[in-house]
Amino acid sequence: MIEARHLRVLRAVASTGSFSAAGRELGCTQPAVSQQMKALEASVGTPLLVRGGREMRLTQAGEALVRHAAGILAGLTAAEEEVAAIAGLRAGRVRLVSFPSGSSTLVPTALAALRAAHPGTRVSLEEAEPPASVELLREGDCDVALAFRYEGAQGAEEWDDLVVQPLLRDRLVGLVPERHRLAQAGTVAIGDLAREPWIAGCPRCRGQLVEVCEGAGFTPRIDFATDDYPAVVGLVGAGLGVAVLPQLAIESVRPRHARVLTLEPAVRREIVALTLPDLAQVPAVAATLEQLGRAAARQQK
C-alpha cells in the first residue's frame, strides 16, 4: 500500500534532486528520507530512483508516480480537512497564493472578514504571478490561487480543470508625469503615447502592453521594466516615461507626481479565484472563496 508520507518524500526528492536536500525541505534527516524511499520502492515492487554517484534521477515508474502524487495528495488533504471540520477537531487551514495587486487590495479585506467569522481558520499567503500561481495550485502546493487573464489576449490559458470563481474585471489605466502634455486630458488613446518612452510592469503585463500597442499600430519603446508597482509609479512621477497599469495597482499605490488617465479603447483583465474541485468542498476553502467574492464586490462599489 502506498502511504501519503512516502509520496511527499518522493516529491521532495524529485524536486530537490537529493536525499539530503529533501530532508532539509521536509525537516527530517537524510537517513530517514532514504528509509522512506526504500519502503516506498518495496511497496510498489520496483525501483523509483537511479542512484549514481552524486547524481540521482527518477526511473520511468518514479516519473509516473510523481505525476500522480500531486492529485493524490490534494485529494487526501481535501478529505482530511473536511472530516476534521465535520468532527469539530479544527476549523481548517488554507494556503493562498496571490499576485501583488490582489494581495494589497482584495486579500486583506477578505482575510479580515474570514478571521472575524472563523477565528480558528489559519491562512498563509504567498505571492506569485500567473501562470506560476496556477501551476502551484495544480501541483498541490496551495489551496486557492488568485489569478488573472486579459480579455481577448492571445494564448490565454485554460482553467477548465479548475473551479473558477469570477471576482471582478480590472480595467487598465494610463499613467503619465504630472507635467506631461496629456496630464489634464482625462482620457487618452494608447496611440497618443506611441512616441513616448515606456515603463513596463510584470512579464505578463509587459506582454499584454506590447500586444495592445501593436494593435494600435506601434511597438512601445520600453526603457524600464520592473515587477514592483511603486517603482513604476515612481519612475513615471520622475518624468522618465509613461505606463499602463491595472486599476487595482493604482488603488494600492499613491501616484505622486503622476496623473491617472482613462485608457481608450478599454483593456480589462479578468480576476478570479481558483481552486481544485476536491478542495472546493473543504469548508475553510469555501469560506475563503466566499470572502474573496465579497471583497471584490466591495472593491467595485
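This note goes through selected features of a predicted model.

1. Cysteines. The whole structure was searched for disulfides, and the search finds zero. Two cysteines can be set side by side. Cys-28 is partly exposed, at a relative accessible area of 29%. Cys-142 is buried, at 1%. For reference, a disulfide is a covalent bond between the sulfur atoms of two cysteines.

2. Strand S3 and its partners. S3 covers residues 93–98. S3 runs parallel to strand S4, residues 122–127, and six bridges join the two. Within this pairing, Val-94 stands opposite Val-123 of S4. S3 also pairs with strand S5, residues 144–150. That pairing is again in the parallel sense, over two bridges. Here Leu-96 has Val-144 of S5 as its bridge partner. In a regular strand, side chains alternate between the two faces of the sheet.

3. Phe-19. This residue belongs to helix H2, residues 19–26. Is Phe-19 buried or exposed? Phe-19 is buried, with a relative accessible area of 7%. Leaving aside residues up to four places away in sequence, Phe-19 touches Val-13, Gln-30, Val-33, Ser-34, Met-37, Leu-49, Arg-51 and Met-56. Arg-93 is another matter. Phe-19 and Arg-93 are 74 residues apart in sequence, and their C-alpha atoms are 28 Å apart in space.

4. Aromatic pairs. A pair of aromatic rings is described by the distance of the centres and the angle of the planes. How many aromatic pairs are there? The count comes to two. One is formed by Phe-99 and Phe-148, edge-to-face, with 5.0 Å from centre to centre and 80° between the planes. Phe-99 lies in the loop between S3 and helix H5 (100–103), while Phe-148 lies in strand S5, so this pair ties together parts that are 49 residues apart in sequence. Phe-148 also pairs with Tyr-150: the ring centres are 5.8 Å apart and the planes stand at 80°, so this pair too is edge-to-face.

5. The ring cluster. Through these ring pairs, Phe-99, Phe-148 and Tyr-150 are linked into a cluster. Phe-99 is buried, at 1% relative accessible area. Phe-148 counts as buried at 0% relative accessibility. Tyr-150 is buried as well.

6. Charges over rings. Two arginines come up here. The charged end of Arg-269 sits over the ring of Phe-148, 4.5 Å from the ring centre. Phe-148 therefore has a place in strand S5, a ring partner in Phe-99 and an arginine over its ring. The charged end of Arg-149 sits over the ring of Trp-159, at 3.9 Å from the centre.

7. Helix H11. This helix has 17 residues, 283–299.

Key:
Residues are numbered from 1 along each chain as its sequence is written. This is a predicted model: local features need pLDDT of at least 70, side-chain atom pairs count only at pLDDT 80 or more; totals for chains, interfaces and linings use all residues. Side-chain values use heavy atoms; hydrogens and water are left out. A disulfide is a pair of cysteine sulfur atoms within 2.5 Å. Buried means under 20% relative accessible area, exposed over 50%, partly exposed in between (1.4 Å probe, protein chains only). Two strands pair if DSSP finds at least two bridges between them. Helices (H or I, at least four residues) and strands (E, at least two) are DSSP runs, numbered from the N terminus. Contact means heavy atoms within 4.5 Å. Rings of Phe, Tyr and Trp (its six-membered ring) pair if their centres lie within 6.5 Å; planes under 30 degrees apart count as stacked, over 60 as edge-to-face and the rest as tilted. A charge sits over a ring if NZ of Lys or CZ of Arg is within 6 Å of the ring centre and within 35 degrees of the ring normal. The expected span of a helix is 1.5 Å times one less than its number of residues.
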